[in-house]
Amino acid sequence: TDERIGIDLVEVTPRIARQLRLEEATGLVVVGVRPGGLAEAAGLKLYDVILEANRRELGTVRDFGKALQADVPGDELLLLVRDREGVRFVVLRPRK
């Protein structure tokens, strides 16, 4: 993924969905959060599942890349994230 964001993602497969006790095998699971990246600053954690990026559903890592490319550099990135607590929106804000 984009180096500024600082996350590593994999697609949620049926096996991963079972391991994470997810109802559906959709989205992208966070398998790495790099220190100092926007994802860390926004509070993303290992095993969070990103369901949407800027209101676009994500099925593949490539979808995430397309969502990043579709927006103007410097814009905020709105993510819909499922974690152990439930579903929430997370905003990744570029540093100025």
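**Core, strands and pocket**

Student: Leaving aside neighbours within four places in sequence, which residues is Ile5 in contact with?

Tutor: Ile5 is in contact with Gly37, Leu38, Ala39, Phe64, Leu68, Leu77 and Leu92. Contact means heavy atoms within 4.5 Å.

Student: And what sort of model is this?

Tutor: It is a predicted model, in which local features need pLDDT of at least 70, side-chain atom pairs count only at pLDDT 80 or more, and totals for chains, interfaces and linings use all residues. Residues are numbered from 1 along each chain as its sequence is written, and side-chain values use heavy atoms, with hydrogens and water left out.

Student: How many residues are in the largest nonpolar core?

Tutor: It has 18. Ile5, Ile7, Leu44, Ile50, Phe64, Leu79 and Leu92 have the most contacts inside it. A nonpolar core is a set of buried Ala, Val, Leu, Ile, Met, Phe, Trp, Tyr and Cys residues joined through side-chain atoms within 4.5 Å. Buried means under 20% relative accessible area, exposed over 50%, partly exposed in between (1.4 Å probe, protein chains only).

Student: Which elements supply at least two residues of this core?

Tutor: β1 (7-11), β2 (28-33), α2, β3, α3 (61-70), β5 and β6 each do. β5 gives the most, 3 residues. Helices (H or I, at least four residues) and strands (E, at least two) are DSSP runs, numbered from the N terminus.

Student: What lies apart from this core?

Tutor: Another core, of 8 residues, including Val12, Ala17, Leu51 and Leu80.

Student: How many bridges does β3 make with β5?

Tutor: 4, and the two strands, residues 49-53 and 77-83, are antiparallel. Two strands pair if DSSP finds at least two bridges between them. In β5, Ala53 has Leu79 as its bridge partner, and Ile50 stands opposite Val81.

Student: What about β2 and β3?

Tutor: They run antiparallel, joined by 2 bridges. Leu28 is bridged to Ile50 of β3.

Student: And β3 with β4?

Tutor: Also antiparallel, over 2 bridges. Glu52 has Glu57 of β4 as its partner. Their hairpin has 2 residues between the strands, and Asn54 there takes a positive phi near 50°.

Student: Where is Arg55 found?

Tutor: In the loop between β3 and β4 (56-57). Its phi is positive too, about 65°, although Arg55 is not a glycine. Most residues other than glycine have a negative phi.

Student: Does Arg55 count as buried or exposed?

Tutor: Exposed, because its relative accessibility is 59%.

Student: What is phi of Tyr47 near?

Tutor: 75°, a positive value in a residue other than glycine. Tyr47 is in the loop between α2 (38-42) and β3.

Student: New topic. What volume does the largest pocket have?

Tutor: About 260 Å³. Of its 14 lining residues, Leu20, Tyr47, Asp48, Asp83 and Arg84 are the closest to its centre. On a 1 Å grid over the protein atoms alone, a pocket is an open set of points where a 1.4 Å probe fits, with protein on both sides within 12 Å along at least five of seven lines; lining residues have an atom within 4 Å of a point. Grid points are joined across faces, edges and corners, and the volume is the space filled by probe spheres set on them.

Student: How do the residues of the lining divide?

Tutor: Into 5 nonpolar, 1 polar and 8 charged. Ala, Val, Leu, Ile, Met, Phe, Trp, Tyr, Cys and Pro count as nonpolar, Asp, Glu, Lys and Arg as charged, and the others, Gly among them, as polar.

Student: Back to Asp83: which residue is its bridge partner in β6?

Tutor: Gly86. β5 and β6 (residues 86-92) pair antiparallel over 7 bridges, and a hairpin joins them through 2 residues.
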